Amino acid sequence: MADKQSILLIYPPVAKPCEPPAGIARLAGVLRAGGIDCRVVDASLEGILDLLDYPLAADDTWSRRALKHREANRLALRAPALYGNPDRYKRAVMDLNRILQMAGRAAGVTLSLANYGSPALSTVRSRDLLTAAETFETNPFFPSFSARLATLFDERAPDIVGLSINFMSQALSAFAMIGFIKKRFPRTRVICGGGLVTSWMHIPGFKNPFQGLVDELLAGPGEQRLLD
């Protein structure tokens, strides 16, 4: 009997942590029902939480306050009581965003709970996305996703890695993750889908500009294709 096929589905940074990635949860349910070994990683949430824990140096009052209260703010955002106090909620979000801004500045990028951008790389240029893949170690989430992926591959190497890229704020980090995967685990097949990828594929005359890096791009619902 052939070995059971294995798929790893990844939701890359950055997307709003308050909006769980329902798309890959649905994909995972369909795949598991079809007898496929499927694991799901919310690398966006995990990466944000890891960055919030990184040691950072503060040189102003706001930053020192944000660092001092980061654990309390993180826990508060996961409890209902905070949402009954709009001012407290706003302060918690702003303080956590301040920490991410500091971490992003150290890597030369703009970073928050809801956004990721680079002054040097554009998400609308395929060449820049390929550069993000080539320079994956410069991505601020690299320490987080490289350790996580290494552990997952050590546990059970997937036949396919699927990345759900829905927003422009995810594109650069998604390609950084792909670059790492293709260098560290070159035999792994990489498939990309999600809202942003679907919009690319609806451009007249579009052809996969990431050949050699991304093995397949999927437009729209991907359940049947992944089962196939």
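This is a predicted model: local features need pLDDT of at least 70, side-chain atom pairs count only at pLDDT 80 or more; totals for chains, interfaces and linings use all residues.
Let's start with the largest pocket, which holds about 460 Å³ of space. Its lining is made up of 25 residues, and those closest to the centre are Lys16, Pro17, Cys18, Leu77 and Leu113. Two helices, H2 (43–53) and H5 (86–107), each bring at least two residues to this lining. Of the elements, H2 gives the most, with 5 residues. Sorted by class, the lining of the largest pocket has 17 nonpolar residues, along with 3 polar and 5 charged ones.

Now for the second largest pocket, where the space comes to about 280 Å³. Here 21 residues form the lining, and Ile24, Leu27, Ser164, Gly193 and Gly194 lie nearest the centre. Strands and helices both take part: strands S1 (6–11), S5 (160–164) and S6 (189–193), together with helices H1 (22–33) and H10 (223–227), each give two or more residues to the lining of the second largest pocket. H1 gives the most, with 4 residues. The classes in this lining are 12 nonpolar, 8 polar and 1 charged.

| Pocket | Volume | Lining by class | Element giving the most |
|---|---|---|---|
| Largest pocket | about 460 Å³ | 17 nonpolar, 3 polar, 5 charged residues | H2, 5 residues |
| Second largest pocket | about 280 Å³ | 12 nonpolar, 8 polar, 1 charged residues | H1, 4 residues |

If you have the structure open, Lys16 and Leu113 are among the residues closest to the centre of the largest pocket, while Ile24 and Ser164 are among those nearest the centre of the second largest pocket.

Technical notes:
Residues are numbered from 1 along each chain as its sequence is written. Side-chain values use heavy atoms; hydrogens and water are left out. On a 1 Å grid over the protein atoms alone, a cavity is a set of points where a 1.4 Å probe fits but cannot get out, and a pocket is an open set with protein on both sides within 12 Å along at least five of seven lines; lining residues have an atom within 4 Å of a point. Grid points are joined across faces, edges and corners, and a volume is the space filled by probe spheres set on the points. Ala, Val, Leu, Ile, Met, Phe, Trp, Tyr, Cys and Pro count as nonpolar, Asp, Glu, Lys and Arg as charged, and the others, Gly among them, as polar.
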